[in-house]
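Dear colleague,

Please find below the structure that I am handing over to you.

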Amino acid sequence: MPISASNATSAPAHEPGQPVVRIRGLKKSFGQIVVLDGINLDVHRGEVVTIIGPSGGGKTTLLRCINVLEIYDEGSIQIDGVEVGFTDSSGARRKRTESDLAHHRAETGMVFQLFYLFPHLTAAENVMLGLRKVRGFGKAEARAIAERWLDRVGLAAKADSLPSQLSGGQQQRVGIARAVAMEPKVLLLDEITSALDPELVGEVLSVVRKLAEEGMTMMVVTHEMAFAREVSSRVVFIDAGRIVAEGRPEDVFQKQSNERLRSFLARVS
Amino acid sequence: MADIFSSMQFLWRGLFVTVEVSLLVICLSLVAGLLLGVVVTYGPLPARLAIRLFSDVIRGIPILVLIFFVYYGLPLTGLNLNNFVSAVMALALFSTAQIIEIARGALQSIHHGQTEAAKAIGLTFAQRLLYVIFPQALRRFLPPWINSVTDVVKGSALVSLVGVVDLMLAIQQVIGRTYVPLPLYLLGALIYFSINYTLSSLSRILEARYAYIRE
Amino acid sequence: MLYHLNFGLIWKNFPKLSWGLVLSLELALISIVIGVIIGLALALLYESRGRVSRTLITLYVEFIRNVPLILLVYLVFYGIPTLVDLRYDATTSFIVTLSVYSGAYLVEIFRTGLAAVPRGLIDAAKAIGLTPLQRLLYVRLPTMFRIVLPSLSNTFISLFKDTSVASVLAVPELTYGAQWINFNTFRIIEVYAIVTPMYLVTGYIILGCLRLFERQFKVR
C-alpha cells in the first residue's frame with residue numbers, strides 16, 4: 001500500500017462494501033484556530049485505524065466529532081451510511097437535536113484518557129447503565145451482560161467495587177467494558193493509556209489487542225508506537241488538521257517518506 | 001407565674017405558625033430553586049442571564065426589605081393576599097434565590113468528563129441528569145441546603161413584623177401581658193436554637209460522611 | 001389598579017434615605033470593627049486555652065448563629081435592662097447586638113483562617129528564632145488576614161444588609177427611612193424601587209472596593 005502524502009481517500013484494506021465510518025471534507029475550528037482542515041477517511045468493518053501525530057494536531061477532536069461531543073463545522077461524517085451530526089431533511093442542513101444525537105452516540109463507543117467512570121456506581125453498574133437505560137435491558141439481563149464483559153476484560157472479581165477502589169488500569173478496563181458492552185459499530189479510543197502509570201499500561205493494551213483480534217472496528221489515538229505497529233490495520237498521521245500520511249503500519253513506520261512524519265517519529269521514539 | 005403558664009399555649013400556637021411558615025417556604029423554594037438551578041446551569045443564555053439577575057437582586061437586598069415590599073406592594077397589583085401568604089411568598093423568593101446558587105454550585109462542580117462519558121454511552125439529557133449528574137451533585141448540595149433551611153427558620157422571625165403571629169410575635173404579645181421580657185426572650189431563643197442547632201448538626205454529620213467518599 | 005407613579009414625594013424625603021444609608025454603613029462598620037476584635041480575641045483564646053474556654057466559646061458561637069437576629073435585638077434592648085440597671089438608646093443597643101452577632105461569625109472565620117496558615121511558614125519562623133508572640137504578630141496574623149480577606153468582605157456586606165433589622169427599634173437607617181416614607185406617603189412601589197438599587201449598588205461598590213483591596217494583598 002503506497003503512502004499517500006495528500007488527503008486522497010484510502011483504499012479499503014479489508015472487505016469491500018460500505019465503510020462503517022465515512023468522513024469527507026471534515027473541518028472544525030475553535031474560534032480562530034483551525035483544528036481540522038479537510039479530513040477524508042474511511043474505516044471498514046473489523047479495521048483498526050491508529051491515528052498518530054503531534055499534540056494539537058486534531059486527533060482527539062476528530063474522534064470527538066465522530067460521536068458528536070464536538071459539532072463539526074463543515075464536511076460529513078457517516079456511520080453505516082447515516083449522517084451523524086446533521087440532517088438533510090428539507091434540503092437544508094440542520095443540526096440534530098439532542099435526543100437524535102443520543103441515538104447516534106449509542107452506536108459509537110468511546111473510552112477516555114481520564115476514564116470518567118461514574119464514581120457513585122460500582123464497576124458492574126457503570127457497565128449496566130447504558131444497557132438498561134439506552135438498550136432497554138432488564139436489571140437481571142443487564143447484570144449478566146455486564147458480568148460477561150467484565151470477565152472478558154479480566155475484572156470479574158471486581159464487579160461490585162467502586163471506581164475509587166480500583167487502580168487506574170482496572171478503571172480503564174471497566175471503561176472499555178462499559179463502551180463495548182453497548183456493542184457499538186465503532187470503538188473510539190482516545191489516548192486511553194496516556195494517564196496510566198507505566199506498569200498498568202500493559203493490562204489495558206492486552207484487552208485492546210484481544211478486541212482487535214475478535215474483529216472490533218476501532219479508531220485509536222495513541223502515543224504507544226509499538227502497540228500501533230502491532231495491532232493496526234492502518235496508521236494515519238495527522239498534523240495541523242490534515243492527514244499527512246497513511247498506510248499499513250510497516251509502510252508508515254519504516255518507509256517514513258514524509259518529512260514531518262519522520263521528525264515526529266524521531267521525537268516520540 | 002400562672003400567667004406565664006397560660007401563655008404557654010399561646011406560645012405553642014406561635015411556634016406552630018413558625019414551623020408552618022418554614023415548611024411551606026422550604027418546600028416551595030426547593031422545587032423552584034432546583035428547577036431554576038438546572039436551567040441556570042444548562043439552559044439557553046437569555047434564561048441563564050435572567051435567572052442570575054433575579055438571584056443576584058434578591059440576595060443583594062435585606063430579607064426585611066423583601067418582606068415589606070411584597071407585603072405592602074402586592075395589594076397594589078390587585079392581588080389582595082393576607083399577610084401570611086405575602087410573608088411566605090417573600091421568604092420563598094429569598095430562599096429560592098439561595099437554592100439557585102447552591103444548586104448551580106453543586107451542578108457545576110461535577111467534572112465535565114462525567115457529562116461526556118454519559119453522552120458517549122447514548123444517554124439523553126434527562127437521563128444524564130437523573131442517573132449521573134444528580135446523584136453526584138447531591139452530596140455537594142445537601143450540607144449548604146440544610147444551612148439555607150436554618151436561614152429560613154431564622155428569617156421566619158421577621159414575618160412577625162407584618163403581623164403574622166409566629167413564635168416571635170407570640171413572645172412579644174405575651175411579654176406585653178406579663179411584663180417579663182427576659183425569660184420569655186430566652187425561652188424563644190432556646191426554641192429557635194434547638195431547631196436550628198439540630199439542623200446544623202445534621203448538616204455537619206452529612207458533610208463528614210460524604211467527605212470520606214473519594215472522588 | 002389605579003396607581004400613578006409619583007417619585008416627587010420620594011425625592012422630597014430623600015434625605016431620610018440618603019442619611020439612612022449613611023447610618024446603615026456606619027452601623028455595619030462599627031459592628032464589624034468590634035466584631036473583629038471579639039472574633040480575633042476569641043479565636044486566639046480558643047487555640048491557646050483549655051477545654052472549658054473552648055466549650056464556652058463554642059456555646060457563644062452556636063447560640064448566636066442559630067438564633068434570629070431580631071430576637072437578639074429585642075433581647076438586648078428590652079431584656080437586658082430588666083436584669084442590669086443599664087440604660088441605653090436604640091442605636092447603641094443595636095450596635096452592641098450586631099457586634100456580638102458578627103463576633104460569633106468572625107470567630108469561625110478567624111479560626112479556620114489561622115488553621116489555614118501553611119505549616120511551612122510557621123516552621124520557617126521558628127527556625128529563625130522568633131518567639132511565639134513574634135510568630136503570631138509577624139507571620140501568622142498577617143498571613144491569616146490575607147487568607148480571610150474575601151470572607152471578611154462577604155461578612156461586611158451581610159452585616160450591611162442586617163442593619164435593616166435596626167428599623168424595628170426605630171433606628172433611622174435606610175429601611176426605617178423607607179418604611180417612614182411608605183407610611184407617610186403611601187408610595188410603596190416608588191420608595192422600594194429606589195431603596196432596592198440603593199442596597200444593591202452599595203453592596204456592589206463595597207464588593208468592588210474590597211476586591212481591589214484584596215488584590216493588593218493576594219495570597220499566592
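**The sheet of chain A**

Gly109(A) has Leu187(A), in strand 9 of chain A, as its bridge partner. Please bear in mind throughout that this is a predicted model. The two strands concerned, strand 8 and strand 9 (residues 186–190) of chain A, are paired in the parallel sense over four bridges. Helix 2 (residues 98–107) of chain A lies across both of these strands and runs at about 70° to strand 8 of chain A. Helix 6 (residues 198–213) of chain A also packs on the sheet, where it touches strand 3 (48–52), strand 9 and strand 10 (218–221) of chain A. The direction of helix 6 makes about 150° with that of strand 10 of chain A.

Taken as a whole, the sheet is open, has six strands in the order 8-9-10-3-11-12 (chain A), and shows mixed pairing. Its edges are formed by strand 8 (108–111) and strand 12 (242–247) of chain A; each has a single partner strand, so one side of each is left without a neighbour in the sheet. From one strand to the next, the twist averages 20°.

Which sense of pairing joins strand 11 and strand 12 of chain A? Strand 11 (residues 234–239) of chain A pairs with strand 12 of chain A in the antiparallel sense, over five bridges. Within strand 12 of chain A, Arg242(A) is the residue opposite Asp239(A). The hairpin of these strands has two residues between them, and Ala240(A) takes a positive phi near 50° there. Although strand 12 of chain A stands at an edge, five of its six residues are buried, so strand 12 is largely enclosed by the rest of the structure.

**Backbone angles worth a look**

Most residues other than glycine have a negative phi. Phe115(A), however, has a positive phi, near 65°. Phe115(A) belongs to the loop between strand 8 and helix 3 (123–133) of chain A, and with a relative accessibility of 11% it counts as buried. Ala170(C) likewise has a positive phi near 65°. Its place is the loop between helix 7 (132–162) and helix 8 of chain C. Is Ala170(C) buried or partly exposed? Its relative accessible area is 43%, and Ala170(C) is partly exposed.

**Aromatic rings and charges**

Over all chains, the structure holds 17 aromatic pairs. One of them is formed by Tyr72(B) and Phe183(C), which are edge-to-face with 5.6 Å centre to centre and 80° between the planes. Tyr72(B) lies in helix 3 (residues 63–73) of chain B and Phe183(C) in helix 8 (residues 174–185) of chain C, so this pair joins two chains. Tyr72(B) is partly exposed, at 23% relative accessibility, and Phe183(C) is partly exposed as well, with a relative accessible area of 48%. Phe77(C) and Tyr78(C) form another edge-to-face pair, with 5.0 Å centre to centre and 70° between the planes; Tyr78(C) is partly exposed at 38% relative accessibility.

One aromatic cluster is made up of Phe68(B), Tyr71(B), Tyr72(B) and Phe183(C).

Two cases of a charge over a ring may also interest you. The charged end of Arg111(C) sits over the ring of Tyr46(C), 4.2 Å from the ring centre. In chain A, Lys28(A) lies over the face of Phe30(A), 4.9 Å from the ring centre.

**Chains and confidence**

Two pairs of chains are in contact, and chains B and C share the most contacts. Chain A and chain C are joined by no contact, and their closest C-alpha atoms lie 27 Å apart.

Chain B has eight helices and zero strands. Its C-alpha trace spans about 70 × 45 × 25 Å along the principal axes. Of the 215 residues in chain B, 52% are buried. Among the contacts in chain B with a separation of 6 or more, 77% come from residues 24 or more positions apart.

For chain A, the mean pLDDT is 86, and 91% of its residues reach 70 or more. Residues 1–15 of chain A have a pLDDT below 50, and this stretch has 36 contacts in the model beyond near neighbours in sequence.

With kind regards

Methods:
Residues numbered from 1 in each chain as written. Chains lettered and ligands numbered in written order. Predicted model: local features only at pLDDT ≥ 70, side-chain atom pairs only at ≥ 80, totals over all residues. Heavy atoms only, no water. Contact = heavy atoms within 4.5 Å. Phe/Tyr/Trp six-rings, centres within 6.5 Å; stacked < 30°, edge-to-face > 60°. Buried < 20%, exposed > 50% of the residue type's maximum accessible area, 1.4 Å probe, protein only. Lys NZ or Arg CZ within 6 Å of the ring centre and 35° of its normal. pLDDT = per-residue confidence, 0-100. Pairing = 2+ DSSP bridges. Axes fitted to C-alpha atoms, helices over the stretch in contact; angles between N-to-C directions.
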